[in-house]
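User: Hello! I am new to this structure and would like to get to know it step by step. Could you walk me through it?

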Amino acid sequence: MPRLSLYRPEKSADYRFIDKNIYESFQVGGTDIFVHKYEGPVDPGVDASTPSQPYGTNDIPETKIQDLLFLENRDRKYSDDVYTIRGIYNVQDLDFDLSQFGMFLQNDTIFITFHMNSSVENLGRKLMSGDVLELPHLKDDYALNDYQVSLKRFYVIEDVSRPSEGFSQTWYPHLLRAKCKPILDSQEFKEIFDKDSGEGTGSTIRDVLSTYEKEMQINEAVLNQANEDITGDPNQPVISGYDTKQYFVVPTDADGNVLTQDGSATDVTVDSAKIDASAVIKTPNANFYVGYLTGDGAPLNGAPYSFGSQFPQAASEGEYFLRTDYFPNRLFRYNRSRWVKIEDGVRVEPMTSDNARSQLGTFVNNTNKNTINGKEVEERQALSQALKPKADN
Amino acid sequence: MQHFYDGQIRRFVTQFVRVMSNFSYKDSAGTLRKIPTSYGNLTRQVAHIIRDNSENKVISAPRISCYITGLDYARDRVQNPTHVSKVHLRERDFDEATGEYLDSQGPGYTVERIMPVPFNLQMKCDVWSTNTDQKLQIMEQMLVLFNPSLEIQSTANYIDWTSLSLIELASVNFSTRTIPQGVDTEIDIGELTFTMPIWITPPAKVKQLGVIEKIVMSVFDESGSISDGIIDSVNPMATVNVTPGNFGLLVLNNTARLLSPGEGVSEPTAGNFDRTGEPVSWFKLLDQYPGKFRAGLSTIRLSKADGSEIVATASVNPTDDTQIVLSFDSDTVPQNTILSDSTTSRGTVDAIIDPTTFNPETATLTAGTRYLLLTDPNPNTFAWQDELVGAANDIITWNGTAWEITFDSSANEERADSSVAQDPVYITNTYTGIQYRFTNDQGAWLKSYEGEYVKGQWRLVL
């Protein structure tokens, strides 16, 4: 008679008997858990691949590492199929933590136990870090919004191990224990959040589940306030410097006397577009309200002006002209013999604006293209990539 | 103490959040995603509202949050706390109807600003990212801005001397994580600490634009005595008049016409004026003050020698815009001088006559009839030979039996002496309604207020 032993070098009938009972207990007492199966990182393609971010296929794509320098998988692919397996975990109370970056983080790490063999059979592999779990029994039907769907609850698996309680008398494991944390609307889970929400309106899971849209609205409101504080109009982008257009400049001569139009002037006609022939006070020849970043290139007292890249052939005294080929644009005034510089338009949208025209801004917000030697070249290039030698072999 | 609050620090925080906004990251598919930026110290209630009062809501990452970590008095920037700076400004006129500024001058202001209080505002910017590459993308965009600092403004107000500040990057804590990570993955936050030198100011004083009303000067001469003519003078030492366009004015027959600068006017015959220039449209002047001229309400004021003014309401002649029709305020027109004789006391004459060509026919003349003589009576040409009285510029009255001289211009010794200032004599010709004036320095009757007014002697009140 052989020695009595529950352990066998191979998984025996005892193991299978116990495993079936455990599986059955999960079917009876567990809850459905939807698994969004991780399928490996997005492949950068041949052209974009680098030694540290290589291109290539693995036999097991989940085992590929996207960035071999920082050792992270940022752009993850998830299966379009959703797998349903049963799991058991202890529901726990949540604590909301207003963390230092100003948003709640939930102290919501849960440990879910799965039946190993059935989950592997269902998924085609063992659960792994990066798989996303959806817990349908935690749907919130009463969230404060007007969506037509309940808010789902997503977790991402951080660690998977074999729990000690999952070992049977046969010494073989039957369970998997997944350490799960709430998912984030981040680059890693983009494919999950790009899926349809089920609302029937074409909205995505991101639209109904993520705080991103509301955070961007808050950000936009603050930006509008910043605009209004500077320009008085929430839709008018912030520009640097100081506004003097509402001030009146009394035109004076060198002695401080008020400059008036000479009644004998013959070069001012009623059909002049630049100067109103009925005007009596001359246009100012200097701005009184000067200071740091006060030049806007606009003529003083709201006088009419024209602009272009070369001065007009015929001009009347006191006529303003904005040279747009200067950077910054320069405002001139004609004094019968020459065009006199009045000011430069130094008020521009600041650096962090999309249309920034500051010096630094023109280096960053630059979509110019130049044709050099018959070839179109983008003006903005990373300094490390500009004029790199080409392979000449 | 009265309450005041201008949201000065709030505006700087707003601009700080703006500076930290509009950053983005790119994923491997080339999709750009903007990173939301907000104030970091939000309340629990708002945090719950943002997540729709549901623990299922998923927070987005990466994100940037900014918040105040300190506000210290900047003793190194202290300046004279009692210093008051004055700024004088003239606004352009504003058309309320169109909501646009005009090219004409509006009200003038003087703004007094007291020395603001220097502070250093410390701000922190937390960058929460979910992977290292993402963090480096964000950092590379941010860190090039502060070389050596980034200027910001809280307002674009020209007179707000506290609006300008700058953001200095004081320190960078690349990650709050402990390396290597333990059993739990901490949130990865990059912390950037900034300093902003700011000024906080009490309210300013906004006053009407100040003009020079008083000149303080030495009133003593070389001997230490008070100089004559400085404080005992009745008249100002100088008057400065400014006339837009240097226009003159020709007032005639209750109308006013503009005279171009340098234009001459002559009166070849009584009451007929010739001008050397072309008629000038009043709109050349009025268009400098769009919407200000109100027909029948705006007034033209004519200066008199005694400093007072004759006032007339004005309206542009609808058929001839070179003329303004005047309606004189009778209270401002000079009062006639009452002249007395044996039959009557009044300030009028019945007619102005040339005694060499006119015979009043005394046989049918009513007693009390008065005439102003244009010329000396000439016995050879005198129309009524038997009643020879008076001389040029005299006023004579028929008393029923003989002529009396009511106003003897030549017999008045004081009037003949032009060095003695005398009140002018005003009379009105009831035949034409025109008022005349006699002054000793001119020695003749001239129209009282009609005629030419050079620049500085008339004004238009809109």
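Analyst: Gladly; here are some questions and answers about this predicted model.

User: In what order do the six strands of the chain A barrel close?

Analyst: The barrel belongs to chain A, and its strands pair in the antiparallel sense. Neighbouring strands of this sheet are turned against each other by 45° on average, direction ignored. Going around the barrel, the order is E1-E2-E5-E8-E7-E6.

User: What is the bridge partner of Phe111(A) in E8(A)?

Analyst: Strand E5 of chain A covers residues 110-115, and strand E8 of chain A covers residues 175-182. These two strands pair in the antiparallel sense over six bridges. In E8(A), the partner of Phe111(A) is Lys179(A).

User: Which helix of chain A packs on that sheet, and what angle does its direction make with that of E5(A)?

Analyst: The helix is H1 of chain A, residues 13-29. Helix H1(A) touches strands E1, E2, E5 and E8 of chain A. Its direction and that of E5(A) make an angle of about 125°.

User: Where does a cis peptide bond join Phe327(A) to its partner, and which residue is that partner?

Analyst: Most peptide bonds are trans. The bond in question is cis, with omega about 0°.

User: Is Asp52(B) buried or exposed?

Analyst: Asp52(B) sits in the loop between helix H2 (44-50) and strand E4 (63-73) of chain B. Its phi is positive, about 55°, although Asp52(B) is not a glycine. Buried means under 20% relative accessible area. Asp52(B) has a relative accessible area of 4%, so this residue is buried.

User: How does Leu293(A) count, as buried or exposed?

Analyst: Leu293(A) lies in the loop between helix H5 (212-231) and strand E9 (305-308) of chain A. Its phi is near 55°, a positive value in a residue other than glycine. Because its relative accessibility is 19%, Leu293(A) counts as buried.

User: How many residues are in the largest nonpolar core?

Analyst: Among the members that touch the most others are Phe16(B), Met20(B) and Ile64(B). Elements that give two or more residues to this core include helix H1 (8-19) and strand E7 (117-129) of chain B. Leaving aside neighbours within four places in sequence, the contacts of Phe16(B) include Cys66(B), Phe194(B) and Met196(B). The number of residues in this largest core is 29.

Definitions and conventions: Residues are numbered from 1 along each chain as its sequence is written. Chains are lettered from A and ligands numbered from 1 in the order in which they are written. This is a predicted model: local features need pLDDT of at least 70, side-chain atom pairs count only at pLDDT 80 or more; totals for chains, interfaces and linings use all residues. Side-chain values use heavy atoms; hydrogens and water are left out. Helices (H or I, at least four residues) and strands (E, at least two) are DSSP runs, numbered from the N terminus. Buried means under 20% relative accessible area, exposed over 50%, partly exposed in between (1.4 Å probe, protein chains only). Two strands pair if DSSP finds at least two bridges between them. Axes are lines fitted to C-alpha atoms, for helices over the stretch in contact, and angles run from 0 to 180 degrees between N-to-C directions. Contact means heavy atoms within 4.5 Å. A nonpolar core is a set of buried Ala, Val, Leu, Ile, Met, Phe, Trp, Tyr and Cys residues joined through side-chain atoms within 4.5 Å.
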